[in-house]
Amino acid sequence: MSAFFGPLEADGRVPPHQQTRVAAFLISAHGALARQFAFALPAKLDAAWQTELNAQFYRESEIVSLLMRATAWVPDLALGHMAVSWEMAWLPAPIEGLADHARGQAIQLATLAHAIHAGIRPAALLPTEANPKDPFAMALRRIEFESSRLLQAQILFLKGPDLQPFRDAVSAVLERRHAEVRRLWHETLDSIGVAPS
Amino acid sequence: MPFLSHGSYRIRYELDGPTDAPAYVLVNGLTQYSELWGAYRDALIARRFRVATFDLLGQGASDKPALFINQDDHVAVLHRLIGELGDGPIFLSGISFGGLIALRYAIEHGARLSGLVPMSCFAELSPQLLLIGNALRTGLILGGTGYLQDLLLPMNLSDQWLKPLLDKLDSVKRQGWLVNDVYALQNLMESFLDFQPLTPELSSITVPTMILNGEFDFLTPRALHETLRLEIPNSALVIIPRAYHAFTLEKAALTADLLARFAEDVMAGRWQGNKAVWIAPEDAGGEFSPFPAGYDHLRAIPVQRAVT
């Protein structure tokens, strides 16, 4: 098993079955974030931080749209049950020791977004010989780069003074989210013969 | 690949060389990973040392805490690792951020060490270093690990090293980019947000200490090493000719030789720090030169030192 995509096609592209499964996972994850940001976004912005929420919503939507178009899709019968397990994992879970429901929801969304933006590095799976002009490869590079930018909003919020009194609870939820997202991501990669080092 | 436990986190480490030999423990800089010490491992084992390397918490193959990394954790991990090495002599060296962790270890657990070698190091954030650090962090945030590497490479390495690699810099950067994650590097950098200067505690370091500083180190210039020399009683400052901040990458053979000679001198009872200032040889095995008497080693032009 390799740490990278492959064996590549003759023209240096990632094999379509690997593209399909990875793109499906990323669409599920970023699509869930897009939906959750959309629900959190009011019709009219009345606080400065909501401008960031607006940006996050559109960037996530862009990632989904980009993958829909850049992926060389092939039929994949396993995707049905895999997608169900992914979608279940993105659902919020209660946070122990936090009674404030609104704050809890914000933490849930931020921790999920942090885990997806920080923990999933699809461009790091491209071998050096991957065709740089392949739209799928370009999309993965863009998603990884944009994710590290989007991540900054989650870092600011989760490390911010408002959550200082709940630091241990927030850290525990975040570590759990990271572990869960990492497990699903590694299972997905394992199913296509990729084992990130 | 062996791992140490630190709470719920795993720390990847490597021990090589004879188990009954004196040990060198090497601590990574911020954007490094332990494979970068490969040349040191070979050279020091050939000189009959045991060599311990590891990825810091948040680096390489070690676990990466999602939100916070405290510098105390690095010291605690180092303490665990050194605890694995038995009762023989331990020499501790670190580069840049790793040098700072080595200093902190020496302050807290100096009795366990036989010698200390801080390299390209600092005990406090000068205004320049603070602002450069902030700018590098912003670079990481806006441009990712690759952009941070783009900033560090020309700042920390010489033209002679860079020139033959100009058309393959992507491959030079790739492994560091692969193993280091933006959020984890950011957490390491943000561990400085509540940093307190170590200067008042340096005098408690009583072990023989060789401070290595590149002649042209721009990131941590001579004045920052001078603090270490003045405060650590049994220390000497050794200036590496024509070297920049990352001389451990660029001049591995020379630096490994200096590390081995220092440890051999200490164990043979020949080491005398005397807060002296030396110029290292250009190549491994060469002679040290005393910094010319009467001249100011803090200046880049030959200015005579003011009489005090």
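Predicted model: local features only at pLDDT ≥ 70, side-chain atom pairs only at ≥ 80, totals over all residues.
What share of the 197 residues of chain A count as buried?

1. Of the 197 residues that make up chain A, 37% count as buried. Contacts in this chain can also be viewed by sequence separation: among those with a separation of 6 or more, 78% are accounted for by residues 24 or more positions apart.

2. The secondary structure of chain A consists of six helices and zero strands, and the pattern read along the sequence is accordingly written α-α-α-α-α-α. Because its radius of gyration is 17 Å, close to the 16 Å that the globule rule gives for 197 residues, chain A is as compact as a globular protein of that length. The C-alpha trace of chain A spans about 55 × 30 × 30 Å along its principal axes.

3. A:Pro7 itself belongs to the segment before α1 (16-40) of chain A.

4. Chain B contains an open sheet of 10 strands with mixed pairing, and the order of the strands is β1-β2-β4-β3-β5-β6-β7-β8-β9-β10. The edges are held by β1 and β10 (289-290) of chain B, each of which has a single partner strand, so one side of each is left without a neighbour in the sheet.

5. The hairpin made by β1(B) and β2(B) has two residues between the strands, and in it B:Gly7 takes a positive phi near 60°.

6. The other pairing described for β2(B) is with strand β4 (residues 50-54) of chain B, again in the antiparallel sense and over four bridges, where B:Leu15 finds its bridge partner in B:Ala52 of β4(B). A parallel case is given by β8(B) and strand β9 (residues 276-279) of chain B, which are joined by four bridges, with B:Trp278 in β9(B) as the bridge partner of B:Val238.

7. Helix α1(B) lies across β2, β3 (23-27) and β4 of chain B and runs at about 160° to β4(B), whereas helix α2 (residues 71-83) of chain B lies across β1, β2, β3, β4 and β5 (90-95) of chain B, at about 130° to β1(B).

8. Which value does phi take in B:Arg48, a residue other than glycine? It is positive, near 70°, and B:Arg48 is found in the loop between α1 (38-46) and β4 of chain B. Because B:Arg48 has 13 C-beta neighbours inside 10 Å, it counts as partly exposed.

9. B:Arg242, which is not a glycine, likewise has a positive phi, here of about 55°, and its place is in the loop between β8 (235-240) and α9 (247-250) of chain B. With 13 other C-beta atoms within 10 Å, B:Arg242 is partly exposed.

Key: Residues numbered from 1 in each chain as written. Chains lettered and ligands numbered in written order. Rg over C-alpha atoms; globule rule 2.2 N^0.38 Å. Buried ≥ 20, exposed ≤ 12 C-beta atoms within 10 Å, placed from the backbone. Contact = placed C-beta atoms within 7 Å. Pairing = 2+ DSSP bridges. Axes fitted to C-alpha atoms, helices over the stretch in contact; angles between N-to-C directions.
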